[in-house]
Amino acid sequence: WRAALVVVYVLGAAASLATDLGRFDATVRPFVPVYTALLVGTAVTAIALDTRAGIGAALFLVSDALISAGVIGRVDAGAPWHQVTVMVLYLLSIFLITAGVLNREARTRRIAADGFDITQRTDCWPRLP
């Protein structure tokens, strides 16, 4: 399911760029695909790391998509619902990404405490739990 989600991220980003790139100011237009690629890369990395982190990264994508929609005039960026939604999604995303990273670290420590040497390469390493 994670691979399918990666495909959704990539297709969503491509569709967003195809429909909205021309609406951005010419001075920032070259940077929009780069920033989009960074966001998608972060989301893909996060979902590979931990489910919570992946959900947080997806919420971050939605938050930034709302900001983008406000910048290009698709929605009223000054509307209270827009500002509140962006901030709630942003805060929740940062919380979930942090919780996911900490959860992954705790799992790694538990595995190491059980006597498994996490620095030793094996046939199946690297392998996500």
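Visitor: In what order do the elements of the chain run from the N terminus on?

Guide: This is a predicted model, in which local features need pLDDT of at least 70 and side-chain atom pairs count only at pLDDT 80 or more, while totals for chains, interfaces and linings use all residues. Residues are numbered from 1 along each chain as its sequence is written, and side-chain values use heavy atoms, with hydrogens and water left out. Helices (H or I, at least four residues) and strands (E, at least two) are DSSP runs, numbered from the N terminus. The chain holds four helices and zero strands, and from the N terminus on its elements run α-α-α-α.

Visitor: What share of the residues of the chain counts as buried?

Guide: Buried means under 20% relative accessible area, exposed over 50%, and partly exposed in between (1.4 Å probe, protein chains only). Of the 129 residues of the chain, the share that counts as buried is 28%.

Visitor: Which residues form the aromatic pair, and how many residues apart in sequence are the parts that the pair ties together?

Guide: Rings of Phe, Tyr and Trp (its six-membered ring) pair if their centres lie within 6.5 Å; planes under 30 degrees apart count as stacked, over 60 as edge-to-face and the rest as tilted. The structure holds one such pair, formed by Phe60 and Tyr90, which is tilted at 5.7 Å centre to centre and 45 degrees between the planes. Phe60 lies in helix α3 (residues 51-71) and Tyr90 in helix α4 (residues 80-113), so the parts tied together are apart in sequence by 30 residues.

Visitor: Which residues make the nonpolar surface patch of about 360 Å²?

Guide: Patches are made of residues with over 30% relative accessible area and no salt bridge, like charges being joined within 9 Å and nonpolar side chains (Val, Leu, Ile, Met, Phe, Trp, Tyr) within 5 Å. Tyr90 is partly exposed at 35% relative accessible area; Met87, found in helix α4, is partly exposed at 43%. The patch is made by Met87, Tyr90, Leu91 and Ile94.

Visitor: Which helix gives the most to the lining of the largest pocket?

Guide: On a 1 Å grid over the protein atoms alone, a pocket is an open set of points where a 1.4 Å probe fits, with protein on both sides within 12 Å along at least five of seven lines; lining residues have an atom within 4 Å of a point. The largest pocket has a volume of about 560 Å³, a volume being the space filled by probe spheres set on the points, which are joined across faces, edges and corners. The pocket is lined by 26 residues, of which Ser16, Thr36, Asp64, Ala65 and Ser68 lie nearest its centre. Helices α1 (2-20), α2 (31-49) and α3 each supply at least two lining residues, and the one that gives the most, with eight residues, is α3.

Visitor: How far apart in space are Val32 and Ser68, C-alpha to C-alpha?

Guide: Val32 is found in helix α2 and is buried, with a relative accessible area of 14%. Val32 and Ser68 are 36 residues apart in sequence, and their C-alpha to C-alpha distance is 9.7 Å.

How values were computed: Areas by Shrake-Rupley, 256 points an atom, 1.4 Å probe, with all protein chains shown as cover. Salt bridge = Lys/Arg side-chain N within 4 Å of Asp/Glu carboxyl O.
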